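Please keep the sequence and the structure in view while reading.

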Amino acid sequence: MNSKQILDGPALLQKIRRIAFQIFENNFEESEIIIAGIVGEGYSLAKLLCQNILEISSIKAQAVAIQLNKEIPYESPVQFDCDKSIFEGKVIIVVDDVLNTGRTFSYSLAPFLSMHVKKIQVAVVVDRNYRKFPISADYIGYQLSTTLSEHVEVVLSDQSKLGVYLR
């Protein structure tokens with residue numbers, strides 16, 4: 001299958017750093033925030049955002065993994081790699097690599113609705129604008145209009161292939 005690189009590694013890392021600055025600007029009064037990444041490239045994004053936020057601010061940023069089945073999210077519970085009590089009273093930023101229909105985000109946000117959190121925000125590297133669920137991102141690295149048959153792949157976990165690809 002042919003693929004076209006949309007963003008190379010340095011451009012992708014620059015977009016992530018810009019998102020980190022935006023998160024800092026909108027949450028500068030916080031002493032601690034939680035960046036919850038959907039397992040896969042979303043969790044890789046969460047770790048990179050935490051690293052950038054720690055470099056540019058005094059905010060303590062902690063990465064948390066959200067585990068769910070992206071193909072059939074309604075059949076298995078959403079799980080975290082930490083105790084849920086750390087979310088209490090905190091700003092939570094839920095992140096994933098691509099926002100397409102909003103289905104994955106809808107299911108990943110559900111557990112936070114039963115917790116006492118201060119604020120929930122959403123960050124993505126690529127927003128494709130094909131919503132089927134009422135989800136919008138607060139922080140977007142790159143907006144990309146594609147056909148429904150095209151696939152957007154964000155590679156963050158493999159340094160040799162770092163970038164955004166259209167397949």
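## The largest pocket

Strand 5, helix 3 (103-109) and strand 8 each supply at least two residues of the lining of the largest pocket. Strand 5 gives the largest share of that lining, four residues. The model is a predicted one, and every value in this report is computed from it.

The volume of the largest pocket is about 470 Å³. Its lining is made of 20 residues, and those nearest the centre of the pocket are Lys70, Val98, Asn100, Thr104 and His151. By type, the lining has seven nonpolar, five polar and eight charged residues.

In soluble globular proteins, nonpolar side chains tend to be buried together. In this model, the largest nonpolar core has 32 residues, and the members that touch the most other members are Ile23, Ile33, Ile35 and Leu49. Two or more residues of this core come from each of helix 1 (9-26), strand 2 (32-38), helix 2 (41-56), strand 5 (91-99), strand 6 (119-127), strand 8 (152-155) and strand 9 (163-166). Helix 2 contributes the most to this core, with seven residues.

Leu49 can be followed in detail. Leaving aside residues up to four places away in sequence, Leu49 touches Ile16, Ile19, Ala20, Ile23, Ile35 and Val95. There is also a second, separate core of 21 residues, with Ile38, Phe112, Val122 and Ala137 among them.

## Aromatic rings

How many aromatic pairs does the structure hold? There are three aromatic pairs. Phe87 belongs to the loop between strand 4 (79-80) and strand 5, and Phe112 to the loop between helix 3 and strand 6, so the pair ties together parts that are 25 residues apart in sequence. Both Phe87 and Phe112 are buried. Phe80, Phe87 and Phe112 are linked into a cluster by ring pairs.

## Three single residues

Three residues show how burial is assigned. Glu41 lies in helix 2. Is Glu41 buried or exposed? Glu41 counts as buried because its relative accessibility is 17%, and the cut-off for buried is under 20%. Not counting residues up to four places away in sequence, Glu41 is in contact with Asp97, Val154, Val155, Leu156 and Ser157.

Ala11 is found in helix 1. Ala11 has a relative accessibility of 21%, so it counts as partly exposed.

Ser160 sits in the loop between strand 8 and strand 9. Ser160 is exposed because its relative accessible area is 66%, where exposed means over 50%.

The table pairs each of these residues with another residue and gives both the separation along the chain and the C-alpha to C-alpha distance.

| Residue pair | Separation in sequence | C-alpha to C-alpha distance |
|---|---|---|
| Glu41 and Leu156 | 115 residues | 6.0 Å |
| Ala11 and Val164 | 153 residues | 9.3 Å |
| Ser160 and Asn69 | 91 residues | 27 Å |

Methods: Residues are numbered from 1 along each chain as its sequence is written. This is a predicted model: local features need pLDDT of at least 70, side-chain atom pairs count only at pLDDT 80 or more; totals for chains, interfaces and linings use all residues. Side-chain values use heavy atoms; hydrogens and water are left out. A nonpolar core is a set of buried Ala, Val, Leu, Ile, Met, Phe, Trp, Tyr and Cys residues joined through side-chain atoms within 4.5 Å. Buried means under 20% relative accessible area, exposed over 50%, partly exposed in between (1.4 Å probe, protein chains only). Contact means heavy atoms within 4.5 Å. On a 1 Å grid over the protein atoms alone, a cavity is a set of points where a 1.4 Å probe fits but cannot get out, and a pocket is an open set with protein on both sides within 12 Å along at least five of seven lines; lining residues have an atom within 4 Å of a point. Grid points are joined across faces, edges and corners, and a volume is the space filled by probe spheres set on the points. Ala, Val, Leu, Ile, Met, Phe, Trp, Tyr, Cys and Pro count as nonpolar, Asp, Glu, Lys and Arg as charged, and the others, Gly among them, as polar. Rings of Phe, Tyr and Trp (its six-membered ring) pair if their centres lie within 6.5 Å; planes under 30 degrees apart count as stacked, over 60 as edge-to-face and the rest as tilted.
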